[in-house]
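I opened a new structure today and kept notes as I went. The entries follow the order in which I looked things up.

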Amino acid sequence: MKERVQVVENILSANDRLAGENRARLNQNRVLGLNLMASPGAGKTSLIERTLAGLVDELRVAVVDGDVATSIDADRAAAAGATAVQINTGGECHLDAVMLHGALEGLALDELELLIVENVGNLICPASFALGTHVSVLIASVPEGDDKPYKYPAMYRGVDALVINKIDLLPYVEFNLDYFKAGVEMLNPGIVTFPLSCRTGVGLGPWLDWVRAGLKDLRR
Ligand SMILES: Nc1nc2c(ncn2[C@@H]2O[C@H](COP(=O)(O)OP(=O)(O)OP(=O)(O)O)[C@@H](O)[C@H]2O)c(=O)[nH]1
Ligand SMILES: [Mg+2]
């Protein structure tokens with residue numbers, strides 16, 4: 001058991017070292033890195049499409065898409081105007097710093113301002129692997145249910161911002177917003193939260209402004 005713990009610690013510290021290198025490369029090029037995490041189908045790619053539609057005229061954006069097997073999401077990001085890089089994890093349930101390191105090799109970082117990483121759809125594994133991005137964003141979505149902060153605390157604890165997507169479905173789905181928010185507040189007090197709908201576009205303005213503000217902070 002002791003040896004197993006040691007191996008896990010070594011893997012994570014190797015990951016952290018490379019995450020540090022990734023961060024340094026982003027900083028050198030003044031590229032803001034966003035790590036988008038969520039359960040499968042919560043709306044990661046939809047939010048990327050909406051973000052690109054809102055920012056692509058003012059910022060040069062690349063998207064790194066982590067997917068178990070396909071390039072469907074990277075194709076969607078490219079169609080929305082981003083330089084898109086696909087990482088097929090071959091079954092792994094998360095991206096790690098090594099994978100992002102490889103993806104950064106293929107990008108002209110000096111020509112970019114924003115890098116959005118779509119992590120693999122999962123509420124457990126991505127929380128354990130730092131990538132070197134500046135901010136981690138969790139997308140919760142209404143049909144997933146209001147108990148998810150209670151069931152996946154590590155993910156809710158470790159992020160810098162929370163998007164609540166699919167609010168257009170609130171009238172049709174049992175989702176107690178107060179119960180959900182109480183769980184979030186317990187784990188991550190005061191976290192900045194963006195209730196929105198990628199379907200209707202409601203609530204996207206404050207989200208886009210927050211991304212713009214993050215970039216401004218980085219350049220300061
Ligand atoms: N009603 C509604 N549907 C949405 C909204 N946002 C996304 N969807 C739908 O939810 C489904 C999944 O959206 P994606 O953006 O592909 O989700 P994802 O998190 O990227 O999914 P994976 O990459 O497979 O984990 C699609 O059918 C979207 O059209 C929303 O705000 N409201
Ligand atoms: Mg996706």
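Which residues are the closest to ligand 1, and how many surround it? I was working with a predicted model, and I started at the ligand. I counted 19 residues around ligand 1, and the closest are Lys-44, Thr-45, Ser-46, Asp-168 and Cys-198.

Next I looked up polar side-chain atoms beside oxygen atoms of the ligand. For Lys-44 I noted a polar side-chain atom 2.7 Å from an oxygen atom of ligand 1. For Ser-46 the corresponding distance to a ligand oxygen is 2.6 Å. Asn-165 also places a polar side-chain atom by an oxygen atom of ligand 1, at 3.1 Å. I then checked the surface: ligand 1 taken alone exposes 650 Å², and the protein buries 74% of that.

Which elements give two or more residues to the shell around ligand 1? I found α2 and α3, the latter spanning 72–79. The largest share, 3 residues, comes from α2. I also sorted the shell by residue type and got 4 nonpolar, 8 polar and 7 charged residues.

I turned to the sheet. In what order do the strands lie? I wrote down 7 strands in an open sheet, ordered β3-β2-β4-β1-β5-β6-β7, with parallel pairing. The edge strands are β3 (83–88) and β7 (192–195), each of which pairs on one side only. From one strand to the next, the twist averages 20°.

I looked at one pair of strands in detail. Strand β5 (residues 135–141) runs parallel to strand β6 (residues 161–165), and 5 bridges join them. I picked out Leu-138, whose bridge partner in β6 is Leu-162.

Last, I checked which helices pack on the sheet. Helix α2 (residues 44–55) does, and it touches β1 (32–38), β2 (61–67), β4 (114–118), β5 and β6. I noted about 165° between the direction of α2 and that of β4. Helix α4 (residues 97–105) also packs on the sheet, touching β2, β3 and β4. The direction of α4 makes about 145° with that of β3.

Definitions and conventions. Residues are numbered from 1 along each chain as its sequence is written. Chains are lettered from A and ligands numbered from 1 in the order in which they are written. This is a predicted model: local features need pLDDT of at least 70, side-chain atom pairs count only at pLDDT 80 or more; totals for chains, interfaces and linings use all residues. Side-chain values use heavy atoms; hydrogens and water are left out. Two strands pair if DSSP finds at least two bridges between them. Helices (H or I, at least four residues) and strands (E, at least two) are DSSP runs, numbered from the N terminus. Axes are lines fitted to C-alpha atoms, for helices over the stretch in contact, and angles run from 0 to 180 degrees between N-to-C directions. Contact means heavy atoms within 4.5 Å. A residue is near a molecule or strand if one of its heavy atoms lies within 4 Å of it. A polar contact is a pair of N or O atoms within 3.5 Å; within protein, one must be able to donate a hydrogen and the other to accept it, and residues adjacent in sequence count only if both atoms are side-chain atoms. Accessible areas come from the Shrake-Rupley method with a 1.4 Å probe; for residues, only the protein chains shown count as cover. Ala, Val, Leu, Ile, Met, Phe, Trp, Tyr, Cys and Pro count as nonpolar, Asp, Glu, Lys and Arg as charged, and the others, Gly among them, as polar.
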